[in-house]
Amino acid sequence: MTADPHRPSHSPPVRIAEADGQHAVLAFSGDLDAPALRVLEELLLDERLRQPGAWTLEMSDLHHIDLACAYALLRAVTRAPDPAAITVRGAHPAVHRTLRHAGLETVATFAD
């Protein structure tokens, strides 16, 4: 990953906040766009996300997501042999709209 002068290096736009054998929480913040796509795709391959049957995508601190990142989330969910139950929590209206355009509403539940 190359350094982005507009994004603090200590705060990735997405991280695994918790993960056990049954549930994982991914915490999103700032902007999730083209420069962050590689970080997102690598994180979605993390071994800790293979076991949980349920994921919570905590998006209350996410201000923007582009379609490429939204599609990466959708691919990660739909390509799994046993797809996890997905809950998107706290998505701002613009983020929710982008996720909806990508088709995430077909595989996820949205909560405030």
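Trainee: What makes up the accessible surface of the chain in this predicted model?

Mentor: The chain of this predicted model exposes about 6500 Å², and carbon and sulfur atoms supply 51% of that area.

Trainee: Which charged side chains does the chain have, and how far apart are the centres of the two sets?

Mentor: There are 10 positive and 15 negative side chains in the chain. The centres of the two sets lie 3 Å apart.

Trainee: How many helices and strands are there, and what pattern do they follow along the sequence?

Mentor: The chain has three helices and five strands. Read along the sequence, their pattern is β-β-α-β-α-β-α-β.

Trainee: Why is the chain called as compact as a globular protein of its length?

Mentor: The radius of gyration is 13 Å, and the globule rule gives 13 Å for 112 residues; the two values are close, so the chain is as compact as a globular protein of that length. Along the principal axes, the C-alpha trace spans about 40 × 30 × 20 Å.

Trainee: What share of the contacts with a separation of 6 or more comes from residues 24 or more positions apart?

Mentor: Such residues account for 70% of those contacts in the chain.

Trainee: What share of the residues counts as buried, and what makes a residue buried?

Mentor: Of the 112 residues, 38% count as buried. The cut-off is a relative accessible area under 20%.

Trainee: What makes up the largest nonpolar core, and which of its residues have the most contacts inside it?

Mentor: The largest nonpolar core has 31 residues, and F28, L57 and L73 are those with the most contacts inside it. The elements giving two or more residues to this core are the strands β1 (14-19), β2 (23-32), β3 (54-65) and β4 (85-89), together with the helices α1 (37-44), α2 (67-78) and α3 (93-102). Helix α2 gives the largest share, six residues. As a general matter, nonpolar side chains in soluble globular proteins tend to be buried together.

Trainee: Which residues does F28 contact beyond its neighbours within four places in sequence?

Mentor: F28 is in contact with P13, V14, L40, L57, E58, M59, D61, L62 and L73. Two of these, L57 and L73, are named with F28 as having the most contacts inside the core.

Trainee: How do you know whether A70 is buried or exposed?

Mentor: A70 has 0% relative accessibility, which is under the 20% cut-off, so A70 counts as buried. A70 is in helix α2. Leaving aside neighbours within four places in sequence, A70 is in contact with I65, T98, L99 and A102. The C-alpha atoms of A70 and P83, 13 residues apart along the chain, are separated by 17 Å.

Trainee: Why is T98 called buried?

Mentor: The relative accessibility of T98 is 16%, which is under 20%, and T98 therefore counts as buried. T98 lies in helix α3. Not counting residues up to four places away in sequence, T98 touches I65, D66, L67 and A70.

Trainee: Where is D66, and what makes D66 count as buried?

Mentor: D66 is in the loop between β3 and α2. Its relative accessibility is 18%; the limit is 20%, so D66 counts as buried. Beyond residues up to four places away in sequence, D66 touches L32, D33, A34 and T98.

Trainee: How do you know whether L74 and R75 are buried or partly exposed?

Mentor: Both residues are in helix α2. L74 has a relative accessible area of 16%, under 20%, and is therefore buried. R75 has a relative accessible area of 31%, which lies between 20% and 50%, so R75 is partly exposed.

Trainee: Why is L43 called buried, and what does L43 contact?

Mentor: L43, in helix α1, has 14% relative accessibility, which is under 20%, so L43 counts as buried. Leaving aside neighbours within four places in sequence, L43 is in contact with V14, R15, I16, L26 and L49. The C-alpha atoms of L43 and W55, 12 residues apart along the chain, are separated by 13 Å.

Definitions and conventions:
Residues numbered from 1 in each chain as written. Predicted model: local features only at pLDDT ≥ 70, side-chain atom pairs only at ≥ 80, totals over all residues. Heavy atoms only, no water. Helix = DSSP H or I, 4+ residues; strand = E, 2+ residues; numbered from the N terminus. Rg over C-alpha atoms; globule rule 2.2 N^0.38 Å. Buried < 20%, exposed > 50% of the residue type's maximum accessible area, 1.4 Å probe, protein only. Contact = heavy atoms within 4.5 Å. Areas by Shrake-Rupley, 256 points an atom, 1.4 Å probe, with all protein chains shown as cover. Lys, Arg positive; Asp, Glu negative; His and termini not counted. Charge placed at Lys NZ, Arg CZ, Asp CG, Glu CD. Core = buried A, V, L, I, M, F, W, Y, C linked by side-chain atoms within 4.5 Å.
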